[in-house]
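Student: I have a structure open and would like to go through it with you. Could we start with how the helices pack?

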Amino acid sequence: MKDLHISTPGRICLFGEHQDYLGLPVIAAAISRRIHIEGRVSNTPSIHIQLPDIQSEESFPLIEAVTYHKDRDYFKSVLNVLKREKGISFEKGIEAKVYGNIPINSGTSSSSALVVAWTHFLLKTANHPIDPVEIGQLAYLAEVEEFGEPGGCMDEYATSIGNIMYLETKPNILVEAYQAPLGKFVLGDSLEPKDTIGILKHVKFGMLDAINKIKQVYPDFQLSKAPIESAEQYQSLLNPDEYALFYSNLSDRDILRTAKTMFEGKDTFNDVKLGQLLSAHQDNLRDAKRVSTPKINRMIEASLNAGALGGKINGSGGGGCMFAYAPTNTEAVVEAIEREGGKAYIIEVAEGSKEEI
């Protein structure tokens, strides 16, 4: 087999942050920073992968059931999932190199991009038909289900499908892709480590407790259908923190619906309106869900002062990245973010996982 080169993008979550685990939809965008896997089939029954970005490598033999020796052993988990779900096994080995420029551990889905790229790479070597939705599903099984992780499936589908993606997970998986005329973004890495566990303790479980309290009195309550105008009727059932989370989730749900209408072409696409929706989402994430940090707040404020049209924190929160929508004044926004101590990258909406020719 000739050398194969697969590249997969990172992603930002435009709308629906902290909503997927509540059964609400999300809108994500693939970004123009990617992870690459280059390699070929070898004559030895083993996998050997060079990881120059982290000055490491992985090697292991191909056996019937590949045993995990560490948490999130993704190169092995994809092999096991493909065998179990698709009956695909590998007798010949693979020599490969993995490298990329997606910020690591910062909320831009570097790990999901890796798993998607590896899934795509292995399916291609097995001459299996390439379907981005199927790749996203298999990568989710290998990254999340295989290791009992708490995450949703947005990252795997978004990086596999690419461009702008709308995703529903309840009652069934529904994926739509959009080609909206978006300009440039600036991604800002705060260089602060994320506090995913601490954030989820407050935001996820606090909201699930609020829903349970409401359902004890109103058993037919559905978060996806409750009008935001009806929020006050539930206020007496919740403490102030729970009510703030509850109201912000209704608000973010409706912000996403407005954006979806615009992306679908049912309303005229407007850069200014997109920026306003992003900033409204950030207001909820900062004030009610409290997932932003003082440094990220300063980076967003500096971006807006430099000419960005809107911006928000990206990912679970407590650190990591933010992004600003800056179709103009892009370089000024970069400088503003870096003056606040962040690392800035100019990004655009990008294709999903693909074979590089």
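**Helix packing, a pocket and the backbone**

Tutor: In this predicted model, helices H1 and H3 pack with their axes 8 Å apart, at an angle of about 120°.

Student: What does that angle make H1 and H3 to each other?

Tutor: H1 and H3 are therefore oblique to each other. The crossing in which H1 passes H3 is right-handed.

Student: Which residues of H1 and H3 meet?

Tutor: From H1 there are Tyr74, Ser77, Val78, Val81, Leu82, Glu85 and Lys86, and they meet Glu134, Leu138, Leu141, Ala142 and Glu143 of H3. By class, this contact of H1 with H3 has seven nonpolar, four charged and one polar residue.

Student: And how do H3 and H4 cross?

Tutor: H3 covers residues 132-143 and H4 covers residues 154-161; their axes come within 8 Å and cross at roughly 145°. The crossing of H3 past H4 is right-handed. On the H3 side, the contact is made by Pro132, Val133, Ile135, Gly136, Gln137, Ala139, Tyr140 and Glu143. On the H4 side, Glu156, Tyr157, Ser160 and Ile161 take part. The contact of H3 with H4 divides into seven nonpolar, three polar and two charged residues.

Student: What about H6 and H7, at what angle do they pack?

Tutor: H6 and H7 (residues 271-287) pack at an angle of about 165°, and their axes are 10 Å apart. That angle makes H6 roughly antiparallel to H7.

Student: Is the crossing of H6 and H7 left-handed or right-handed?

Tutor: H6 and H7 have a left-handed crossing. In H6, the residues in contact are Ser248, Ser251, Asp252, Ile255, Thr258, Ala259, Met262 and Phe263. They meet Lys273, Leu274, Leu277, Ala280, His281 and Asn284 in H7. Of the residues in this contact of H6 with H7, seven are nonpolar, five polar and two charged.

Student: Let us change topic. How much space lies in the second largest pocket?

Tutor: The second largest pocket holds about 330 Å³ of space. Its lining has 17 residues, and Leu22, Gly23, Leu24, Lys170 and Ser224 lie nearest the centre. Strand S6 (164-168), helix H5 (196-217) and helix H6 (240-263) are the elements that give two or more residues to the lining of this pocket.

Student: How many residues of that lining are nonpolar, polar and charged?

Tutor: Nine residues of the lining are nonpolar, five are charged and three are polar.

Student: Lys170 came up there. Is the peptide bond from lysine 170 to proline 171 cis or trans?

Tutor: The bond from lysine 170 to proline 171 is cis, with omega near 0°. Proline 171 is placed in the loop between S6 and strand S7 (174-178).

Student: And what is phi of arginine 72?

Tutor: Arginine 72 has a phi near 55°, which is a positive value in a residue other than glycine. This arginine 72 sits in the loop between strand S4 (56-61) and helix H1 (74-86). As background, most residues other than glycine have a negative phi, and most peptide bonds are trans.

Student: How many residues apart along the chain are histidine 128 and isoleucine 88?

Tutor: They are 40 residues apart along the chain, and the C-alpha atoms of histidine 128 and isoleucine 88 are separated by 8.8 Å.

Key. Residues numbered from 1 in each chain as written. Predicted model: local features only at pLDDT ≥ 70, side-chain atom pairs only at ≥ 80, totals over all residues. Heavy atoms only, no water. 1 Å grid on protein atoms, 1.4 Å probe; cavity = no way out; pocket = protein on both sides within 12 Å on 5 of 7 lines; lining within 4 Å. Points joined across faces, edges and corners; volume = space filled by probe spheres on them. Helix = DSSP H or I, 4+ residues; strand = E, 2+ residues; numbered from the N terminus. Nonpolar A, V, L, I, M, F, W, Y, C, P; charged D, E, K, R; others polar. Axes fitted to C-alpha atoms, helices over the stretch in contact; angles between N-to-C directions. Parallel < 35°, antiparallel > 145°, perpendicular 65-115°, else oblique. Left-handed = near helix turned anticlockwise from the far one by under 90°. Contact = heavy atoms within 4.5 Å.
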